[in-house]
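These notebook entries record what I looked up in one structure, taken topic by topic.

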Amino acid sequence: MRYVRAFGAFWYDFLVGDRPELFLGPIAALVVAWLLVGAEVAPGITGLVLFLAVCAVGAVSLYLTTRPRA
Amino acid sequence: MHILVVAAPAFVASVVEFVEALTIVLAVGMTRQWRSTLIGVGAAVATLVVIVGVFGTAIVVFVPIEILRLVVGGFLLVFGLQWVCKATLRAVGARAKHDEAAIYERELALLSQEPPVATVGMDWISFTVAFKGVLLEGLEVAFIVVTFGASAGQLGPAALGAVVAGVLVLSVGVAVHRPLARVPENGLKFAVGLMLVTFGTFWAGEGIGIDWPGGDAVLFVLLAAYVGVSLIGVWAVRAMLRSRRIPLAVSVGD
C-alpha cells in the first residue's frame, strides 16, 4: 500500500505539481474545443478558441502565482 | 512530418535534462567513486531505453492514432504550460533560476555527510545517487521522446534527438570536468515549453476532430503566436512585479 501511495504521489507531482490550474485548465480548454467541433463550428475558429483558451490558462496561472497576498 | 520537426524538441529538452543529470553525476563521481557512479548511470540509461522501447512500441502498435494524439496532446499541453510558466517566472526574477554551480556545491555538501567510500567492491551510495539522478531527469526525456515519437509515428528520430543530446552533454562534461553552469537553461526550458505547448495544441486539436487549416504548416503559426503571447506575458508580469516592488528570488531553486 505504501508503494502504491508513493507511486501515485510521484505521478501527481510529475503531472500536477504545485499548480493544479495548469493541469485542469488545458483539459477544460479541450472540452470547450470538443464541444465546438461537435457543434460543427469552422475548424479555424475552433483552433483559435483552443489557442486563446490555452493562453488564458497560462495567464491565470501566472496571475495566481504572483498576485499580492494578504 | 519532417524528422527534424520531431527530433529538435527532443534534442533541446534532452540537453536541459542531461545538463541537470550531469551535475549530480559529477558531484558523486568526484567525491566518491567513479566506477560505482558510472555503473549507476549505465543502469539508469538501460532502464530508460527499456521504458522508451516498451512503452513507445506498445503505444504505437496498440493505441489508435486519434486517441493517442488526444491523450499525448493533452499531456504535452499540461507539461508545456508548466515549463513556460516556470520559465516566465524565472525570466522576471520571481522564481530562482537553476544554478548548476550552486546545486553542485549543495550535492558535494550532502555527499560529504555520507559514510566513507568502501575500499573494495561497489559503493552503493554512489550507485544509488547516480542512478536516481539520471533516472529522474531522464524520465522527462523518455516522456517527451515517447509522446513526440508515437504521435508523429517517428519514434526513431525523437530517440535519436535525445541520444545526440546525451552524447553532446556527456562529451562536454567529460572535457571540462565541471557542471555546465553556462548553458542558458532557462532560455532552453522556455523554448522547449513553447514547442510542447505548440505540438500539444496541434495534436490534441486533431484528436478532438479539428481539421487544422494548412495541415502541418499551422504548427509554425501556432509556435509564432505562442512565442508572441509568452513574450507579452514576461513583459506584463515583470511590469506588475516592478509596480509592487517585489524583491527578486535569490535561492537555488529546483
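This is a predicted model: local features need pLDDT of at least 70, side-chain atom pairs count only at pLDDT 80 or more; totals for chains, interfaces and linings use all residues.

**Entry 1. Contact between chains A and B.** I looked up how many residues take part on each side, and found 27 residues of chain A in contact with 28 residues of chain B. On the side of chain A that touches chain B, helix 2 and helix 3 each supply at least two residues. I then asked which helix of chain A gives the most to that side. It is helix 3 of chain A, with 15 residues. By class, I recorded 18 nonpolar, eight polar and one charged residues on the side of chain A that touches chain B.

**Entry 2. Helix 3 of chain A against helix 8 of chain B.** I followed helix 3 of chain A to a partner in the other chain, helix 8 (residues 218-244) of chain B; their axes come within 11 Å and cross at roughly 20°. An angle under 35 degrees counts as roughly parallel, and the two helices are therefore roughly parallel to each other. I recorded the crossing of helix 3 of chain A and helix 8 of chain B as right-handed. From helix 3 of chain A, the residues that meet helix 8 of chain B are A:Phe51, A:Cys55, A:Gly58, A:Ala59, A:Leu62 and A:Thr66. Their counterparts in helix 8 of chain B are B:Leu222, B:Ala225, B:Val229, B:Gly233, B:Val237, B:Met240 and B:Leu241. The residues of this contact divide into 10 nonpolar, three polar and no charged.

**Entry 3. Two loop residues of chain A.** I placed A:Pro20 in the loop between helix 1 (2-15) and helix 2 of chain A. A:Pro20 has 11 other C-beta atoms within 10 Å and is exposed. The C-alpha atoms of A:Pro20 and A:Ser61 are separated by 9.0 Å, although these residues are 41 residues apart along the chain. The second residue, A:Glu40, lies in the loop between helix 2 (21-38) and helix 3 (43-66) of chain A. With 9 C-beta neighbours inside 10 Å, A:Glu40 counts as exposed. I noted that phi of A:Glu40 is near 60°, a positive value in a residue other than glycine.

**Entry 4. Helices 1 and 3 of chain B.** I checked helix 1 (residues 3-31) of chain B for length: the 29 residues should span 42 Å at 1.5 Å a residue, and the end C-alpha atoms are 41 Å apart, which agrees. In helix 1 of chain B, 22 of the 29 residues are buried, so this helix is largely enclosed by the rest of the structure. Helix 3 (residues 65-91) of chain B has 27 residues and reaches 37 Å from its first C-alpha to its last, close to the 39 Å expected. Of the 27 residues of helix 3 of chain B, 22 are buried, so this helix too is largely enclosed by the rest of the structure. After helix 3 of chain B comes B:Gly93, with a positive phi near 85°.

**Entry 5. Helix 5 of chain B and its partners.** I found helix 1 and helix 5 of chain B packed at an angle of about 175°, with their axes 9 Å apart. That makes helix 1 of chain B roughly antiparallel to helix 5 of chain B. Their contact has 16 nonpolar, five polar and four charged residues. For helix 2 (residues 34-62) and helix 5 (residues 124-152) of chain B, the axes come within 8 Å and cross at roughly 25°. That makes helix 2 of chain B roughly parallel to helix 5 of chain B. Helix 2 of chain B passes helix 5 of chain B in a right-handed crossing, and the residues of their contact divide into 20 nonpolar, nine polar and no charged.

**Entry 6. Buried residues of helix 2 of chain B.** I listed the buried residues of this helix as B:Ser36, B:Thr37, B:Gly40, B:Val41, B:Ala44, B:Leu48, B:Val52 and B:Gly56. What covers them includes helix 1, helix 5 and helix 6 (155-176) of chain B.

Methods:
Residues are numbered from 1 along each chain as its sequence is written. Chains are lettered from A and ligands numbered from 1 in the order in which they are written. Axes are lines fitted to C-alpha atoms, for helices over the stretch in contact, and angles run from 0 to 180 degrees between N-to-C directions. Helices (H or I, at least four residues) and strands (E, at least two) are DSSP runs, numbered from the N terminus. Angles under 35 degrees count as roughly parallel, over 145 as roughly antiparallel, 65 to 115 as roughly perpendicular and the rest as oblique. A crossing is left-handed if the near helix is turned anticlockwise from the far one by less than a right angle, and right-handed if clockwise. Ala, Val, Leu, Ile, Met, Phe, Trp, Tyr, Cys and Pro count as nonpolar, Asp, Glu, Lys and Arg as charged, and the others, Gly among them, as polar. A residue is buried if 20 or more other C-beta atoms lie within 10 Å of its own, exposed if 12 or fewer, and partly exposed in between; C-beta atoms are placed from the backbone. Two residues are in contact if their C-beta atoms, placed from the backbone, lie within 7 Å. The expected span of a helix is 1.5 Å times one less than its number of residues.
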